[in-house]
Amino acid sequence: MPSLATDPRVDRRLAGAPISWGVCEVPGWGVQLPPERVLAEMAELGLRATELGPVGYLPAEPVALRATLGALDLDLVGGFVPLVLHEPSLDAARRAASASAAAMAAGGADVFVAAVVMDAAWSAPRELSGAEWARLASHLDEIDAVVAEHGLSLALHPHAGTLVETAADIERVVASTEVGWCLDTGHLLLGGADPEAFLRDHGERVVHVHLKDVDAAVAARYRSRELSLLEATRNGLFRPLGDGSVDLENVLRLLDADGYDGWLVLEQDVTLDEVPPPGGGPRADVARSLEFLAGAGANRA
């Protein structure tokens, strides 16, 4: 039986992410499964590539990274890098971006996924002044140039708990920069934006895609600050594809209409209290998401 991700009905570039197995850089997030298990389960399901995950999770040295992934016939898509861009000096962010981009490129990556954070500790964002917003936009364009020097595409990621989270934040940055975007269907909805509207209005700016499904009722509890992101995740915020409130079939149709041919990264953030038995736990939910995508592939126009 062919693996789900190589089902002939699915002709898309599908990748995985360690967060779908509960592997996250946030302290106290939960049990962190070892990379040998996570990568092996990705490969068993037929996924063709992965993002890096937290710093240090996969080897930093390019030869070792390529060997680790190559042993399972996996490629590297890219990595997620939080950057502080609203402060007067860009020196630290520029150095961090250049070093990360160089390492990703040496590992065979295509995409540099960036989030704009308040500080290195991911402190809760405050409202920026007009001057700070202008500086953030200008610095984003500079980081875009830095990343391009290494042959990568910058994909700005709207993300819960960052300076680009809400629909208003997103529209403000779209209007003031020319950078590419990561369409994260879950985080867009979580911030009160409409993934389909973003694609209709800004589809030409999408250079990377994270496919998430979200329970809208739990998302509303997060937006009202009744739940933290971790608490919301534990309460079933992120669902297997097709089980939540995002119209992913229409998202895929809109991506096709825009001619998008980049990676689709399956991301279903989970937190684990214990190590699940082999074949169980997050693997089962990723398999369910792939089954959904196979059906969506069969129904493509």
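Modeller: A residue is called buried when its relative accessible area is under 20%, exposed when it is over 50%, and partly exposed in between, with a 1.4 Å probe and protein chains only. Helices (H or I, at least four residues) and strands (E, at least two) are DSSP runs numbered from the N terminus. The model is predicted, so local features need pLDDT of at least 70 and side-chain atom pairs count only at pLDDT 80 or more, while totals for chains, interfaces and linings use all residues. Residues are numbered from 1 along each chain as its sequence is written, and side-chain values use heavy atoms, with hydrogens and water left out.

Consider β4 and its two partners. β4 (residues 111-116) pairs with β5 (residues 153-156) in the parallel sense over 4 bridges, and within this pairing V113 has A155 as its bridge partner in β5. With β3 (residues 75-83), β4 pairs in the parallel sense over 6 bridges, where P82 stands opposite A115 of β4. Of the 6 residues of β4, 6 are buried, so this strand is largely enclosed by the rest of the structure. V111, V113 and A115 point one way, F112, A114 and V116 point the other way, and all are buried.

With 5 of its 6 residues buried, β7 is largely enclosed by the rest of the structure. β7 pairs with β6 in the parallel sense over 4 bridges, and there the bridge partner of C182 is H208 in β7. β7 is also joined to β10 by 3 bridges, the two strands running parallel, with V209 opposite L264 of β10.

Apart from residues up to four places away in sequence, A49 touches L14, A15, G16, M42, L74, D75, V77 and W263, where contact means heavy atoms within 4.5 Å.

Two histidines complete the view of the surroundings. H159 sits in the loop between β5 and α5 (167-176) and is buried at a relative accessible area of 13%. Neighbours within four places in sequence aside, H159 is in contact with F80, W122, V164, E165 and H187. H139 belongs to helix α4 (residues 130-149) and is buried, with a relative accessible area of 7%. On the same exclusion of sequence neighbours, H139 is in contact with L85, E87, P88, S89 and L90.

The axes of α7 (residues 195-202) and α10 (residues 248-257) come within 10 Å and cross at roughly 10°. That angle makes α7 roughly parallel to α10; angles under 35 degrees count as roughly parallel, over 145 as roughly antiparallel, 65 to 115 as roughly perpendicular and the rest as oblique. From α7, P195, E196, L199 and R200 meet N250, V251, L254 and L255 of α10. The residues of this contact divide into 5 nonpolar, 1 polar and 2 charged; Ala, Val, Leu, Ile, Met, Phe, Trp, Tyr, Cys and Pro count as nonpolar, Asp, Glu, Lys and Arg as charged, and the others, Gly among them, as polar.

Finally, the cysteines. A disulfide is taken as a pair of cysteine sulfur atoms within 2.5 Å, and by this rule the count comes to 0 disulfides. C24 is in no disulfide, the nearest cysteine sulfur being that of C182, 15 Å away; for C182, the closest cysteine sulfur, in C24, is too far for a bond. C24 is buried at a relative accessible area of 13%, and C182 is buried at 1%.

Methods: Axes fitted to C-alpha atoms, helices over the stretch in contact; angles between N-to-C directions. Pairing = 2+ DSSP bridges.
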